[in-house]
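Visitor: I would like to learn how to read the contacts in a structure, beginning with the place where chains meet. Could you take me through it step by step?

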There are 2 protein chains.
Amino acid sequence: LANYEHISNGSVTTPAGFTAVATACGLKKNNQLDLALIYSEQDCTGAAVFTKNQVVAAPVIVDREIIASHNTRLRGVVVNAGNANACTGAQGINNARAMQRLAAAALGCQPEQFLVLSTGVIGVQLPMEKIQSGIEQAVSELSPANGRLAAQAIMTTDTQPKHLAVTVNLPEGQVSIGGMAKGSGMIHPDMATMLSVLTTDAQIAPDFLDGLLQTAVNQSFNRISIDGDTSTNDTVLLLANGASGIPITDDDSIHAFGAAMTQLCTELAKMIVKDGEGATKFVEIRVTGAGREADAHTIANTIAISPLVKTAFAGSDPNWGRILMAAGRAGVSFDQHACALWISADGQSWLQLLAQGTPTDYAEADAASIFSQSEFQIHLQIGNGLAEAIVWTCDLSHDYVTINADYRT
Amino acid sequence: LANYEHISNGSVTTPAGFTAVATACGLKKNNQLDLALIYSEQDCTGAAVFTKNQVVAAPVIVDREIIASHNTRLRGVVVNAGNANACTGAQGINNARAMQRLAAAALGCQPEQFLVLSTGVIGVQLPMEKIQSGIEQAVSELSPANGRLAAQAIMTTDTQPKHLAVTVNLPEGQVSIGGMAKGSGMIHPDMATMLSVLTTDAQIAPDFLDGLLQTAVNQSFNRISIDGDTSTNDTVLLLANGASGIPITDDDSIHAFGAAMTQLCTELAKMIVKDGEGATKFVEIRVTGAGREADAHTIANTIAISPLVKTAFAGSDPNWGRILMAAGRAGVSFDQHACALWISADGQSWLQLLAQGTPTDYAEADAASIFSQSEFQIHLQIGNGLAEAIVWTCDLSHDYVTINADYRT
C-alpha cells in the first residue's frame, strides 16, 4: 500500500490521544506483567469481533452488551492475562463487570465506557483483590510511552509481544492506526485464543468502523490456524478517538483506510502464527481452482489443521500425500485426478509435485530442501474454478506438546 | 452378550473355510511381513464400507466396483502394507487391478472374485515385481493357522497385530466371526487409515450383510478418533462363506448376529485407539443431554480431536476448561450455563467438576489422580435432551509427533 507506512516501535499508543499502562498484579508467576489498560481522554467510537464459540467467557458477554449499546462513548479497555474468566458462571460475569467498574472509577468514567478482556486458564474465578489493587496502582502511570508494555502484559504462552503502528496518508490528512495482539494456542479461523486491541486517531462513524473491522478480521485473523482450536475469549476491539481531527467520510478514503487496517491486521495475524506454540515453520497454504471462495477456504483450513500435515512440516518431510488426504476430507467435492500441487521456498520458483492427480518425477531432495526452510508456500489447485483462498499456519512440534501437556503448572 | 464368546487367539481364519498367508515381499524394511492373502474355497457374499475422503486410493476405486457388481462370488482379499497406492493416477488403478488379477490367477479364480487393499505411504507407485513374486510365493502356504500373521502383515505404525474371533450361538446353531484391523494414525470417524477384514462362516444374504456391516461400523470404527485425520484408503470388508452350513434368515437371529458383529467391531476399534500413534491414555468421552444423537456425536468428536484437550490428557492435566472450549466450537448450539461435567477412572465413582456451567469445589488432587490413569472417562451433559453419544480417543503425546514428523524415513 502506497499510503501505508510503519512507525518504528509503534503500538496502540501511537495514534494521538491514547495512553496505556501495564502492571504485575500477581495473576502470572514471577512478578510478570499481567494487567494492562488502554485509555483515551476523548470518547471513542468502537467496533468488535467476538469468538464464535458457544461457550464464551464472561468478558465476551459483558463486551457484547457494551458494543451493542454504548459504542460511541468508549474510553478504554482493561485487560488481564493469567486467567480467562471463562466457565465461571454468574460470579464470573459479576467479576468482569467489577473489573470494568474499577477501571472506570479509577479514571472518572462510567462503567459502560470501559471494555474488559481476559485471557489465561479457564474455570478459575478471578482474584478480584489482586485485580483491584493492580488497577488502582496502574492508573497513575498511564502514558503514551507504555504501548509496548501493554502488549507484553497480555501475553500468555507468546514468546514475544506483538504490536505495531502505521500512518495512513489520505487526501484529508494523515491518521494513524496502532494495534497489539496475543496468541498463541487455540488459534483458528472464527477467532482463537487471541486478543487484539486496535486504536486509531481517525474520526470515523461507528457503522463504517464496524464494516471495516469485519472485513479486516475476515482477511487476517480468520485466515490463520495454529491448532484448529477456537477459544472462549477471542476478541478484537477497535477504538477510534478522532484525536487527529481528521474525519474520514469520503468513499475512497474509507476504502484506503480499510485497506490499511486489513494490512495491519494481516501483519499482526502473521506475527501470531510465527509465534505459535512450539512453531518452527511458517507455511502459506493457497488453494486455487475452486468454484467458490468458501470451498477453497475450507480446504486450505483443513490442510492447516491436519495433525499429520503439521507433523510432516515439523519433520521437514515433504510427505505431500497427507496434503491431498487432508484436502479430501474437507467435505468439499472435487476431482482428485484434476489436482496439481506445487511448493516454493520463495514464492518465485515453484516445484511441481503433482499433475493431474499423479506424482511428477520431481527430485525428492528438491522437495526436502523446500520443506527444510523456516518459511515456505504450498499451492494446491483442485480444478478449473476461479475462486481461491490463502491460509497461514505453522507446524506441530514437540514443543507444542510440551507447552500444552502441562500448561497450568 | 450372552451368546458371544471369545476364541483364544482367534482371527480371520477362525471361521470355517478361511485360510490366510503372509509374506515379506520387500515393501517394508528389514524383511518384515508386508503382504497377506485371505482366501475361501467357497464363494463368499461380501459387504464393505469405504472412506468418505474425496481423495481415494486406487484399491478403493477397484473394490467399490467389485462390491457393487460381484458381491456374491467373492473368494478372497489381497492386502499390502508399506505403500498405499493412493494419489497414483491411472497407473495406480492399473496396479491395483494387476494385484487383484495376480492373486486370482495364482488361485484359479477370476479377477473380480478378489478384493484388494493397500496401506502405507501415499504418492508412490507400487513396485509390481515385488508384489507379483510375493503373491506367487505366498499362495502355496495358505493355511487356517496363519490368521495372526496376516494381521501382522498389514501393520504400519501399529505396535501390535489386532485380531480376534468369537462364536455366536443362535437357535440355528453356532457360527463364528473373525476379524483383523490395523490403525494407527489418520484415525477418525468416517473411517481412517484403517483397514479391517471380517470373516464369518454364517450363511447370510448380501442385503442383510450390508445392513449389519453398516450398523456395526457406525457404532464402532466410526466412534473412534486418534488425530481427526481420515485416510484415502480406509476400508472394512466382510466376507461370509456359509461354511458353517447354518443359514441366518430369522429376524431375531439376524439381530443377534448383528449385535455380535457390532461388539466384535467395537473391540477391534478400541484396540486401534489403545495402539494409537504415541497413545498413552485411552479416554471415553460421553456427551448426554443433547436434542439429537448427531449433535451429541459432533460435540464428542470435537472434544476428541482437539489438540489442546489431547495434550492435556498427555500431561495428566485435568484442564477441563479445554473440554468446554472444544464442545463450544463444535457448531452445535447449547446453553453453557446448563452444562455439567464429571470424570471417572472406573466408570463407577464420578467426580463432578462443573455444575450449571460453574466449577464445583472439587479437590484438584482428585481430578489429577483420575487424569493420571491410563484409562478414564469423561461425561459432559449439555442440557436436558435425551440423546447421547460415546466416542473413544487417546492423547496427543510427544511420540505422536516423533512418529509422524519423519514417517517416511
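Guide: Let us begin with the term itself: contact means heavy atoms within 4.5 Å. In this model, which is predicted, the contact between the chains takes 57 residues from chain A and 57 residues from chain B.

Visitor: What is the area buried between chain A and chain B, and how many salt bridges cross the interface?

Guide: The area buried between chain A and chain B is about 4600 Å², with carbon and sulfur atoms giving 55% of it. On the side of chain A that touches chain B, at least two residues each come from helix H8 (307–314), helix H9 (321–328), strand S14 (358–359) and helix H11 (398–405) of chain A. H11(A) gives the most to that side, with six residues, and the residues of the side divide into 22 nonpolar, 25 polar and 10 charged.

Visitor: Which residues have the most contacts inside the largest nonpolar core?

Guide: The general idea is that in soluble globular proteins nonpolar side chains tend to be buried together. Here the largest nonpolar core has 55 residues, and those with the most contacts inside it are Leu37(B), Ile38(B), Val77(B), Val78(B), Phe114(B) and Ile135(B). Strand S3 (residues 35–50) of chain B gives the most to this core, with eight residues. Setting aside neighbours within four places in sequence, the contacts of Val77(B) include Ala36(B), Phe114(B), Val197(B) and Leu239(B). A second, separate core of 54 residues includes Cys25(A), Ile61(A), Met99(A) and Leu115(A).

Visitor: Is Arg75(A) buried or exposed?

Guide: Arg75(A) is buried, because its relative accessible area is 12%, whereas Glu41(A), with a relative accessible area of 57%, is exposed.

Terms used. Residues numbered from 1 in each chain as written. Chains lettered and ligands numbered in written order. Predicted model: local features only at pLDDT ≥ 70, side-chain atom pairs only at ≥ 80, totals over all residues. Heavy atoms only, no water. Buried area = accessible area lost by both parts, 1.4 Å probe. Helix = DSSP H or I, 4+ residues; strand = E, 2+ residues; numbered from the N terminus. Nonpolar A, V, L, I, M, F, W, Y, C, P; charged D, E, K, R; others polar. Core = buried A, V, L, I, M, F, W, Y, C linked by side-chain atoms within 4.5 Å. Buried < 20%, exposed > 50% of the residue type's maximum accessible area, 1.4 Å probe, protein only.
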